Amino acid sequence: MSQLTLYGLAAAALFALGLYGLLAYAHLLRKILAVNVMGNAVFLFLVALGRTDPQQTNPVPHAMVLTGIVITVSATAFALALARRLHREVGAVDLDAQSRRGEALDSTQTEESGKS
Amino acid sequence: MVGPIVTPLLVAPLCLLLPRRGLYPLHLTVSLTGLLAVVALMRAVALEGPLRYAMGGWGAPLGIDLLADGLSLMPLLLTALVMPPLTLYAHDYLDEDGDKQLNFWPLWYLLWCGLNASVLTADIFNVYVTLEVLTLAAVPLVVLSGGVEALRGAIRYLLFALLGSLTYLLGVALLFAAHGTLDMAGLAVRWAGDRLDAVGLALIVVGLLAKGAIFPLHIWLPPAHSAAPAPVSAALSALVVKVAFYLLARLWFWVAEPAAGAGLLLGGLGATAVFYGSLQALRQGRLKLIIAYSTVAQLGYLLLLFPLASGAALTGSLLQMIGHGLAKASLFLAAGNVIHVLGHDRVRDFAGVGRLLPTTWMAVGLSAISLTGLPPSVAFLGKWRLLEASFQQAQWWWVVVLVGGGLLAAAYLFRVLACAFVDDPAYPEVHRLPWSLTWMPLALAALGLLMGLFSAPLEALLLPGSPFAEAP
């Protein structure tokens, strides 16, 4: 059981690291990577759960991890596509800087972004 | 029970193959199966109590079960009522843009599938999967309107949604570690209420709060919902955020037994959301932003269920959910019409719109009745039940929230109405709208009022399987 605790603590540390990255960095690529770190933390914990009994493995957490990986991959791909499009349209992949530059670019929407 | 999930899922890829004219039969098929399935399920649940269906014949501990009871039928009914008018509206609204249509429909039907699947599933991991189906269909729909504003809103929405779902998944992993099952009924039996359960539930709740845009985690909602195309805004505000609330209620009362203090905390968040959202709505200059902040406020009422925790409160919050869903969908469609005709949605420059779009403005007026909670709307009944519950539970302070929120809603909505009835002889040339654009907002708003007259069967439906002994 102590081994599971170890994995659990590692997962918690990774999750916190990812959460910090998601909140602290403005660059979108870093945010997307941080989300992936968070996802891997959960998967690490789930994989560890599959092997609590040394005699046999529990397949259910493995199935969950596989499903989770598929979802994370597609979400990441989609997020990257959005980030690329933002870069093409605004010229920055930065959530804070882009709002200032974005206003300069399309003057019709200046009022809206100012108010939101 | 599988029908409402499978039909839109099958239709989604078909949309890519068919030309625009061929889509109409598909819309009607999915709408009709949705409605018929809900009616059949409501009948069955009323006669026989909650239904379980083992998908693929595997059964609960290993397989994934579907569950239909009074609670899950409410969002299912809301979806079945709101999505068909939105679909017909979208069909004409996206008329000109062939390319947009091609991308729109598969995502739209995936969204529909996700909405139905996430309320019918009885497995907490499958909830994660269906929530991701919802998110990954909803975010691209936001981007479709094309502007930089929409793109920014979508990215923020996606990041928040991913944060929410991973937090939720961590909670699921903890609960699985503690109890070795993912089935909701199984969890409810084995629920211990110890510290591990509490942490798992807290993570799940925080994840769902982020998905449902509840007060401190709401900041993604206004930009995303106001920048999306009109039918998408309507679906997101009326339906998608409600799924998170439904899941909160399901896990809170059906699976776990949290302490009363936690319920008070959620109620406090809801109350803050009501006031904060309403005040923000008063400050906005654009119609769609007003409506979006109004959603933040109206979602707050739903959270009053958690401190009140009684049969009357459950009925109240679910009726409020239905009332808000219908009214909000109608308002966003009306805003779409205004943008379609005027080319902007600045409330200041609305002079003459009332004469230009009489049916649309009628819909706005009727929705305002629902949102402020005046009789005979179904939202009024919902608020009435919540008031009743606050008195029963001797928690009078929620009354302040319910009444104050209604007054503030009246303030920001009547401001919109007033601006439109200023007569301006210089209003632009009238060009006729397609029939669906004219009538769908009015149909939704009228439904919100009429449902109030027929809500007794809905209340009776909540009885079977309800965790509250003293049901209303």
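Reply: Chain A has five helices and zero strands, so its pattern along the sequence reads simply α-α-α-α-α. Keep in mind that this is a predicted model. Of the 116 residues in chain A, 29% are buried. Among its contacts with a separation of 6 or more, 46% link residues 24 or more positions apart.

Chain A also touches chain B, and that contact takes 34 residues from chain A and 28 residues from chain B. On the chain A side, the elements giving two or more residues are helix 1 (2-24), helix 2 (28-49), helix 3 (59-90), helix 4 (97-105) and helix 5 (110-115). Helix 3 of chain A supplies the largest share, with 13 residues. By class, the chain A side splits into 18 nonpolar, 10 polar and six charged residues.

Now to the inside. The largest nonpolar core has 218 residues, and A:V42, B:L111, B:V142 and B:A154 have the most contacts within it. Its biggest contributor is helix 6 (residues 148-179) of chain B, with 21 residues. B:A154 is a handy one to click on: leaving aside neighbours within four places in sequence, it is in contact with A:L82, B:V139, B:V142, B:V143 and B:A224. That list includes a residue of chain A, A:L82.

For the real close-up, let's settle on helix 14 of chain B, residues 311-342.

Start with helix 19 (residues 435-450) of chain B. Its axis is 8 Å from that of helix 14 of chain B, and the packing angle is about 160°. That makes helix 14 and helix 19 of chain B roughly antiparallel, since angles over 145 degrees count that way. The crossing of helix 14 past helix 19 of chain B is left-handed. On the helix 14 side you'll find B:G323, B:L326, B:A327, B:A329, B:S330, B:L333, B:A334, B:N337 and B:H340, and they meet B:L437, B:M440, B:P441, B:L444, B:A445, B:L447 and B:G448 of helix 19 of chain B. Sorted by class, this contact has 11 nonpolar, five polar and no charged residues.

Next comes helix 3 (residues 70-93) of chain B. Its axis and that of helix 14 of chain B are 10 Å apart, at an angle of about 5°. Helix 3 and helix 14 of chain B are therefore roughly parallel. From helix 3 of chain B come B:M74, B:L78, B:L81, B:V82, B:L86, B:Y89 and B:Y93; they meet B:L318, B:M321, B:I322, B:G325, B:L326, B:A329, B:L333 and B:G336 of helix 14 of chain B. The class count here is 13 nonpolar, two polar and no charged residues.

The axes of helix 12 and helix 14 of chain B come within 10 Å and cross at roughly 175°. That makes helix 12 of chain B roughly antiparallel to helix 14 of chain B. B:L287, B:K288, B:I291, B:T295, B:Q298, B:Y301 and B:L302 of helix 12 of chain B meet B:S317, B:Q320, B:M321, B:H324, B:K328, B:L331, B:F332, B:A335 and B:V338 of helix 14 of chain B. This contact has nine nonpolar, five polar and two charged residues.

B:F421 lies in helix 18 of chain B and is partly exposed, with 14 other C-beta atoms within 10 Å.

While you're in chain B, a few backbone details deserve a look. B:A213 and B:A394 each have a positive phi of about 55° without being glycines. B:A213 sits in the loop between helix 8 (195-211) and helix 9 (221-227) of chain B and counts as buried, because it has 29 C-beta neighbours inside 10 Å. B:A394 is in the loop between helix 17 and helix 18 (397-421) of chain B, and its 6 C-beta neighbours inside 10 Å make it exposed. Finally, a cis peptide bond joins B:P375 and B:P376, with omega about 5°; B:P376 is in the loop between helix 16 (358-372) and helix 17 (378-392) of chain B.

Note on methods
Residues numbered from 1 in each chain as written. Chains lettered and ligands numbered in written order. Predicted model: local features only at pLDDT ≥ 70, side-chain atom pairs only at ≥ 80, totals over all residues. Axes fitted to C-alpha atoms, helices over the stretch in contact; angles between N-to-C directions. Helix = DSSP H or I, 4+ residues; strand = E, 2+ residues; numbered from the N terminus. Parallel < 35°, antiparallel > 145°, perpendicular 65-115°, else oblique. Left-handed = near helix turned anticlockwise from the far one by under 90°. Contact = placed C-beta atoms within 7 Å. Nonpolar A, V, L, I, M, F, W, Y, C, P; charged D, E, K, R; others polar. Core = buried A, V, L, I, M, F, W, Y, C linked by C-beta atoms within 7 Å. Buried ≥ 20, exposed ≤ 12 C-beta atoms within 10 Å, placed from the backbone.
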